[in-house]
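Visitor: I am new to this structure and would like to learn how to read its aromatic rings. Could you take me through them step by step?

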Amino acid sequence: MCYAIPGKLARIEGSIGIVDYYGERRKILLDDNSVKPGDYVFAQGGILIRKIPESEAEEILKTWKEIFVELQQVDEALSKINANDTPDNVLAVLQKVNHRKTLTREELKALFSLKTTNECAVLYEVANHVRQRSHGNASCVHGIIEFSNACSLNCHYCGIRRDRDIQRYRMSVEEILCAAQRAVEDYGFNALVLQSGEDYSYDDDLLEFIVKKVRQLGVLVFVSIGSRSSKTYQQLYEAGARAALLRFETSNPKLFESLRPGTKWEKRISLIEDIKNMGYVLATGFLLGLPGETIDDVVNNILLTKQLNPEMVSFGPLIPVKETPLENSPKVEVDDVLKAIAVTRLADANANILVTTALETLDKDARKRALLAGANSMMINVTPSNFKSLYSIYDRNDEEIAESVVKTVKLLHSLGRAPTDLGR
Ligand code: SAH
Ligand code: SF4
């Protein structure tokens, strides 16, 4: 099973390539000058990942061709807005969205404050419509390898914080490469996130070596290693990493600093900006439901996300973890997460919004509901099972990789989504 549909490079304009997916055009950054118009390529996150032989591409394209049109039709049908049900208080704001006008802070707040099932349903429908209008039925699925649960920080919300008494592991280079190879060869992943605690026992040179080796498998290498220095991120970029996931966690500096002892909010923001300026595909976002968080904080989180201009947005609910300072925090409502997804989509039509694992733990249908409320990308955990169960940032239901892949593909198909690159 291959996750990504290859595209044909139609044109090259400087460093930008225009890629055709069955007539749909998307722009990608050409990170490699060995390609020419007419070549078949895999792209991820709007970046060229690798060229693929014509015969291989044609075979994949042939398998997808019929189903692709079918999927588009399903997606279009599911993205229609049933205007008859629209409550009056939502109509004016949504008409503004429909005319592609920017919503004000007050309007975003009013949308996030909607309460009734009917109002929320309309909000989700409109967000899904905007998602479809901006991205068509493209969706992407990345793999994630959690390579170490050792962390030098003590974030109050996190289950692998330094002071929590848990069994720690660090995957060796061979173990990481073996997991990556399996994800690529057995399951067809084209983008892999390498995630860990802030674990300095992997020094910059070791991380560089790992990134180089994983990149050689022909995938987009995504790093999620916390607040390492700009110099580290620069070195990893040069080694071939092209995407980085680093959440700002909250737009409220006081809350940030009280929950992440010894760290500074401004430093985190400037690191995120540096990463973006280095040329990384940036994924950032926040935690929803932190103690003392107000609706204004949530709206500020959404606006700060937009201001940081990421290619991908990643936010999820706080899942309280036993034996952490936030163990007694109230459970976040699924609808609050869905509203945040929908409002983010309305604030930024072009965002690629991830459905996070944390959301999936709240409700078994949450992934589907999120994809129908404006989200358009997902991650599958490809960490070997003996380590995965120890990566206890929060409790979750770990599945076998194969099972997870089958379920995800089935879900995407049922919603008419196809794994073409999200482009730019
Ligand atoms: N150490 C790195 C990456 C691993 S943590 C870092 O902190 O950036 C990845 C994400 O897990 C964090 O950004 C945080 O938002 C999220 N997280 C931590 N504890 C969580 C919890 N209890 N519930 C939900 N998400 C959590
Ligand atoms: Fe470490 Fe990241 Fe957890 Fe903070 S959130 S304790 S940095 S793994």
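Guide: Let us start with a cluster, in which Y233, Y237 and Y280 are linked by ring pairs. This is a predicted model, in which local features need pLDDT of at least 70 and side-chain atom pairs count only at pLDDT 80 or more, while totals for chains, interfaces and linings use all residues. Residues are numbered from 1 along each chain as its sequence is written, chains are lettered from A and ligands numbered from 1 in the order in which they are written, and side-chain values use heavy atoms, with hydrogens and water left out.

Visitor: How is a pair of aromatic rings described?

Guide: One gives the distance of the centres and the angle of the planes. Rings of Phe, Tyr and Trp (its six-membered ring) pair if their centres lie within 6.5 Å, and planes under 30 degrees apart count as stacked, over 60 as edge-to-face and the rest as tilted.

Visitor: How many aromatic pairs does this rule give?

Guide: The count is 7 aromatic pairs. One of them joins Y22 and F68, whose centres are 4.7 Å apart with planes at 35 degrees, so this pair is tilted.

Visitor: Is F68 buried or exposed?

Guide: Buried means under 20% relative accessible area, exposed over 50%, and partly exposed in between (1.4 Å probe, protein chains only). F68 is buried at 1%, whereas Y22, at 27%, is partly exposed.

Visitor: What kind of pair do F147 and Y202 form?

Guide: Their centres lie 4.9 Å apart and their planes stand at 85 degrees, so the pair is edge-to-face. F147 is buried at 3% relative accessibility, and Y202 is buried at 4%.
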